[in-house]
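This report was prepared for a reader who wishes to relate a sequence to its fold. The sequence and the structure are shown first.

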Amino acid sequence: MPKIAVAGKGGVGKTTFSGVLARVLAAAGEKVYAIDADPNPTLGQVLGFPEELMAQVVPIVQMADLIEERTGARPGESGAYFRLNPRVDDIPERFSVAYQGVHLLEMGTVKGAGAGCVCPENTILRALVTHLLLRERETVIMDMVAGVEHLGRGTAAAVDAMYVVVEPGQRSLGVAADIVRLADELGIPALWMVANKVRGEQDLDFIRGHLGGRKLAGWLPRDDHVVEADMQGRALYDAAPELARRVEAIARETGLIHEPSVPVP
Ligand SMILES: Nc1ncnc2c1ncn2[C@@H]1O[C@H](COP(=O)(O)OP(=O)(O)OP(=O)(O)O)[C@@H](O)[C@H]1O
Ligand SMILES: [Mg+2]
């Protein structure tokens with residue numbers, strides 16, 4: 001039932017974590033909608049979606065046409081048009097493509113929008129995430145754009161929880177501190193820190209010393225399988241079992257999985 005965002009500095013491993021988490025939850029019996037909110041989408045690759053399926057993905061921004069078709073109104077600056085039109089529940093089904101139990105949605109980009117601005121996309125995505133009613137055992141995981149700038153006016157306010165991914169290094173921890181501050185201001189109910197690309201105890205100590213007292217929900221090692229999977233176009237969940245086990249442990253630690261452990265292949 002929760003709507004979860006994954007945020008962090010560029011390149012820390014948001015997509016890596018989102019992709020593995022999606023499969024972990026699917027394996028635990030959840031219906032998972034994985035939303036790639038990055039205008040340069042890569043989540044499908046981490047999920048190992050075959051090219052034929054990726055070709056079928058309809059970007060969420062094309063919902064604008066669907067909404068016009070149903071209501072006669074173009075989406076405005078707010079999510080108000082969704083209140084006029086209660087039929088948003090079919091959108092994830094209609095716009096997603098499923099593979100190995102994960103339903104992938106891509107935000108896409110609005111052609112002709114100002115260079116570097118994802119404002120119209122964010123408006124549409126925010127409306128969808130805000131008004132989407134999830135059933136029992138359905139989860140939305142949103143792989144966010146890097147950084148903090150988009151969070152305030154974007155979709156972040158509509159989520160139930162946010163993972164903030166960090167890597168050993170001052171820069172990602174600085175960005176994480178900004179994200180945490182903003183998430184607190186927005187009133188996001190749960191905020192979970194995840195360390196990635198950890199090489200050993202020293203890295204963990206460094207990260208723990210820069211979290212301002214916040215606890216880590218868990219950590220993932222620097223793992224060559226991630227690079228291998230990327231080169232082979234394989235789903236990371238299948239190619240990196242150790243990573244998958246650790247993501248599962250994080251999902252348990254943060255209360256997303258309650259069932260007894262099932263072995264990760
Ligand atoms: N645990 C890991 N071990 C080794 N390499 C990793 C690990 N996690 C991520 N990487 C590599 O780091 C790079 C960035 O990872 P990823 O794309 O998941 O980050 P991101 O935060 O989504 O980046 P962006 O901000 O560009 O969206 C990729 O090349 C990925 O293969
Ligand atoms: Mg990414």
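The model is predicted.

**Sheet**

Eight strands make up an open sheet with mixed pairing, arranged in the order S3-S4-S2-S5-S1-S6-S7-S8. On average, neighbouring strands are turned by 25° against each other, direction ignored. Strand S2 (residues 31-36) and strand S4 (residues 102-106) run parallel and are joined by five bridges. Within this pair, Asp-36 has Glu-106 of S4 as its bridge partner.

**Helices on the sheet**

Helix H1 packs on the sheet, where it touches strand S1 (3-8), S2, S4, strand S5 (138-143), strand S6 (161-166) and S7. Helix H9 (residues 201-208) lies across S6, S7 and S8. The table gives the angle that each helix makes with one strand.

| Helix | Strand | Angle |
|---|---|---|
| H1 | S5 | about 170° |
| H9 | S7 | about 150° |

**Nonpolar core**

The largest nonpolar core has 79 residues, and those touching the most other members are Ala-34, Met-142, Met-162, Val-164, Val-194, Leu-236 and Val-247. Helix H1 (residues 14-27) contributes the largest share of this core, eight residues. When residues up to four places away in sequence are not counted, Met-142 touches Ile-4, Ala-5, Val-6, Ile-35, Ala-37, Thr-155 and Val-159.

**Ligand shell**

Ligand 1 is surrounded by 19 residues, of which Gly-13, Lys-14, Thr-15, Thr-16 and Ala-146 are the closest. At least two residues of the shell come from each of H1, strand S7 (190-198) and helix H10 (224-232). By class, the shell comprises five nonpolar, eight polar and six charged residues.

**His-225**

His-225 is located in helix H10. Is this residue, His-225, buried or partly exposed? His-225 has 18 other C-beta atoms within 10 Å; a residue counts as buried at 20 or more and as exposed at 12 or fewer, so His-225 is partly exposed. Leaving aside neighbours within four places in sequence, His-225 is in contact with Ala-239, Ala-240 and Leu-243. His-225 and Tyr-237 are twelve residues apart in sequence, and their C-alpha atoms are 10.0 Å apart in space.

Key: Residues numbered from 1 in each chain as written. Chains lettered and ligands numbered in written order. Predicted model: local features only at pLDDT ≥ 70, side-chain atom pairs only at ≥ 80, totals over all residues. Core = buried A, V, L, I, M, F, W, Y, C linked by C-beta atoms within 7 Å. Helix = DSSP H or I, 4+ residues; strand = E, 2+ residues; numbered from the N terminus. Contact = placed C-beta atoms within 7 Å. Near = placed C-beta within 6 Å. Nonpolar A, V, L, I, M, F, W, Y, C, P; charged D, E, K, R; others polar. Pairing = 2+ DSSP bridges. Axes fitted to C-alpha atoms, helices over the stretch in contact; angles between N-to-C directions.
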